[in-house]
Amino acid sequence: MERRQNLEHTSLLVLSLLSREDMYGYQMITEIQKKLDSSFTMKEGTLYPILKKLEASEAVESYEQPVPGGRIRKYYHLTAAGRQLLRREEEAWHTYEKSINQILKCESGGILPEGS
Amino acid sequence: MEKYTSYAAYCWQVCQAMTDADKREKQAAVRDLANHMKDHAAELEAKGYTPQEAMERAIAAMGDPREVGTELNRQLPPKKFNKWCIIGPGILVAVAALLIARNACLFPVPVSRIQLYDIYQTGDTVTFSTLYNLGYSTSISNGEVEEDTFVWSVRQPLLAGPASDTFYYETYRFDMVYINARRQEAGLAPVTKVIFGGITVWTEGMSLPNEPQQESPPQESDGCTIYQLSPESLTSFMLPKE
């Protein structure tokens, strides 16, 4: 359950990152780690099953570009379907977050600040 | 987690967990993961790590290769059905069936009531589709069969082996007499080919080993054409010769 949640949340993060620019795998990981504090650790290999899943659902598409050193780097691009998916996932996340916060607020007797 | 000392060792373990992947899918996964680790290692080297340290750290950051492989395996697209797996053999079976059917006349155009007794005619070809022998007596009036008596017995030649070959030829010769008589009534040319069990056993021009004996010519009687066969002839047709 925990792992599935992580995968779904990482999927949302990936969609969000790609909504701004095309990125390659390692770039996404560094961006995620830059934006989040050290409490969020992610096994980097888990990114690729997520990308595969998003590719299969045509939310992202990939293309290759050569980089200095002779290697080929695979970039991922968010498609129109991916943008729609991102919107839906964002809404679902906010609804989920709101629900959890409401429950926590009730259970903790109003410890959580208003508006959280 | 086990320590992996090379990208290849890590990727090999990932591939081991991709049990449903084909070679191309595994190669793609290896390329993605290896490029990722090399990017990470390059960054670490830029920060001052030795190449070996950088590689080991980059590998360790990837996580358990079995888990990665299992997740990648789960995301594989369902295998497309290779239509040629069915179409290829299907074509072969269809061609074989057509060849057999052509020879054995499995979809014959039966003529007269003979069709009821597993003897088929297609064009000038006669096919015996059973292992049974047909004996008959019949009379035809104004093109209509007035009386048909059929006697069936196992076609012994096919069961008894080469010793009965002569009998075999005689039996189909016997049947051909009947069939040709019917065809003559219908204004058709005599049979030119005989197939038994899918094997052509006689074609026009081939001689028959033994001519039937004492075959009486058709007789006209009260407006009926009567085909008769003597008891001796019938016996010689129906029983193997010594």
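**Exercise 1. How many helices and strands does chain A have, and what pattern do they follow along the sequence?**

*Solution.* Start by counting: chain A has 4 helices and 3 strands. Here helices (H or I, at least four residues) and strands (E, at least two) are DSSP runs, numbered from the N terminus. Next, read along the sequence: the pattern is α-β-α-α-β-β-α.

Before going on, a word on the model. It is predicted, so local features need pLDDT of at least 70 and side-chain atom pairs count only at pLDDT 80 or more, while totals for chains, interfaces and linings use all residues. Residues are numbered from 1 along each chain as its sequence is written, and chains are lettered from A and ligands numbered from 1 in the order in which they are written.

**Exercise 2. In which order do the 3 strands of chain A form their sheet, and which are the edge strands?**

*Solution.* Step one: the sheet is open, with the order 1-3-2 and antiparallel pairing. Two strands pair if DSSP finds at least two bridges between them. Step two: strand 1 and strand 2 (60-66) of chain A each pair on one side only, which makes them the edge strands. Step three: strand 2 and strand 3 (residues 72-78) of chain A are joined by 7 bridges. For example, A:Ser62 has A:Tyr76 in strand 3 of chain A as its bridge partner.

**Exercise 3. At what angle do helix 3 of chain A and helix 4 of chain B pack?**

*Solution.* First, find the geometry: helix 3 (residues 47-56) of chain A packs against helix 4 of chain B at about 5°, with the axes 8 Å apart. Axes are lines fitted to C-alpha atoms, for helices over the stretch in contact, and angles run from 0 to 180 degrees between N-to-C directions. Therefore the two helices are roughly parallel to each other (angles under 35 degrees; over 145 is roughly antiparallel, 65 to 115 roughly perpendicular and the rest oblique). Then name the residues: A:Tyr48, A:Pro49 and A:Lys52 meet B:Val68, B:Glu71, B:Leu72 and B:Arg74. Residues are in contact if their C-beta atoms, placed from the backbone, lie within 7 Å.

Note on methods
Two residues are in contact if their C-beta atoms, placed from the backbone, lie within 7 Å.
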